Amino acid sequence: MAKDTLKKMVSMKSVTPDSGGIFQYIESLLPEFEAEYFNRDGVENLFLKKRFGDGVHLCLAGHIDVVPSGENWKYPPFEATEVGEYIYGRGTQDMKSGVASMVEALKEVKDFSGTLSLLLTSDEEGDAKYGTVLVLEELKKRDELPDFSIITEPTSEEKMGDVIKVGRRGSINGTLTIIGKQGHAAYPKKTVNPVHLFASKLPKLAGHKFDLGDKFFEPSKLIITDIRGGLEVTNVTPETLKIMFNVRNSTKTNLEDIESFVKGVCGDLKYDLKLSQSSKPFRTDAESRVVKILSEVVEEISGVVPKLTTGGGTSDARFMGEYGIPVAEFGVRNDRIHAVNERVEIVEVEILHKVISEVLKRF
Ligand SMILES: [Zn+2]
């Protein structure tokens with residue numbers, strides 16, 4: 001049962017990038033799959049693969065690492081305590097339920113149209129430098145990239161089954177420094193005050209929408225995260241004013257759009273602008289086979305019509321997106337991820353297991 005596999009994995013402590021022996025455990029559960037390890041800098045990744053026929057390559061993917069537990073838990077975070085309808089423990093929602101469901105579904109599969117694989121990393125919650133992306137790089141070199149991918153991250157919100165993620169917004173960070181000339185507050189003519197120069201321009205930046213979004217994406221909006229200038233005294237005017245901001249961007253807005261907008265706002269002020277993209281936006285077509293089959297099955301099994309969204313924080317799906325692999329994410333509710341007393345409702349694990357098994361049959 002997926003529940004037992006989940007409990008076993010929760011009891012194997014795997015705080016990033018430590019895999020806690022989980023990979024060897026999973027490998028032993030799927031002896032018919034060819035196993036390959038990709039390790040670098042303390043990060044372990046396991047890639048399991050089995051070829052059934054000539055058809056498509058579907059890759060189930062996820063992470064076995066968890067964030068640290070923190071204190072004041074009702075039950076020990078690395079023991080998987082079953083209480084009524086729930087299992088408590090770090091990783092029960094994010095995302096050992098997902099991994100257990102995929103493993104159980106793969107254990108049962110008798111037949112498939114092409115190749116099935118399972119890509120697991122121990123570095124999703126960390127900086128993700130040598131995790132999923134490293135395995136995809138290797139697969140690309142061998143011309144073995146999957147045709148489709150499903151990741152069982154916890155996507156459900158209010159009810160099990162209500163959300164499938166079909167992409168993600170990107171994230172662009174900016175630092176704008178307005179340059180002035182420091183001086184005595186009593187002699188303003190001898191100073192160039194960057195706060196005064198920029199004051200009338202600030203409302204143009206704050207909350208600016210670069211696009212209106214669409215059915216899948218929220219508008220790309222400029223969010224100011226920090227403003228500072230001066231020496232925290234009342235008799236010196238500042239030399240510079242530094243404004244930091246972030247834009248979670250849809251596929252309609254890119255770094256160049258943001259750059260030209262901010263430059264336009266600054267006009268002929270003296271300034272320095274630095275922008276960097278920490279992740280790129282992507283979206284899988286709602287008509288893609290992976291999205292259609294997954295939506296259909298989720299609705300049938302959970303009884304809830306899933307919404308297709310792109311909200312929330314990043315996940316390894318972005319790497320699939322970057323390699324052009326159509327990817328969809330679906331999993332249990334996420335109300336306690338990374339929190340104290342993380343727990344999962346057992347029925348949700350059972351539903352997820354059934355969903356993955358059924359998707360494999362229809363793919
Ligand atoms: Zn996760």
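**Exercises on strands and helices**

Leu-46 stands opposite Leu-120 in β6. The model is a predicted one, in which local features need pLDDT of at least 70, side-chain atom pairs count only at pLDDT 80 or more, and totals for chains, interfaces and linings use all residues. Residues are numbered from 1 along each chain as its sequence is written.

**Exercise 1.** Find how many bridges join β2 to strand β6, and in which sense the two run.

*Solution.* Begin with the elements, where strands (E, at least two residues) and helices (H or I, at least four) are DSSP runs numbered from the N terminus. Two strands pair if DSSP finds at least two bridges between them. Strand β6 covers residues 115-121, and seven bridges join β2 to β6 in an antiparallel arrangement.

**Exercise 2.** Describe how β1 and β2 are connected.

*Solution.* β1 (residues 34-40) pairs with β2 (residues 43-51) in the antiparallel sense over seven bridges, and Asn-39 stands opposite Glu-44 in β2. The two strands form a hairpin with two residues between them, and Asp-41 in the turn has a positive phi of about 50°.

**Exercise 3.** Determine how the axes of α1 and α10 are placed.

*Solution.* Axes are lines fitted to C-alpha atoms, for helices over the stretch in contact, with angles from 0 to 180 degrees between N-to-C directions. The axes of α1 (residues 2-10) and α10 (residues 346-362) come within 9 Å and cross at roughly 115°. Therefore α1 is roughly perpendicular to α10, a term for angles of 65 to 115 degrees.

Note on methods: Angles under 35 degrees count as roughly parallel, over 145 as roughly antiparallel, 65 to 115 as roughly perpendicular and the rest as oblique.
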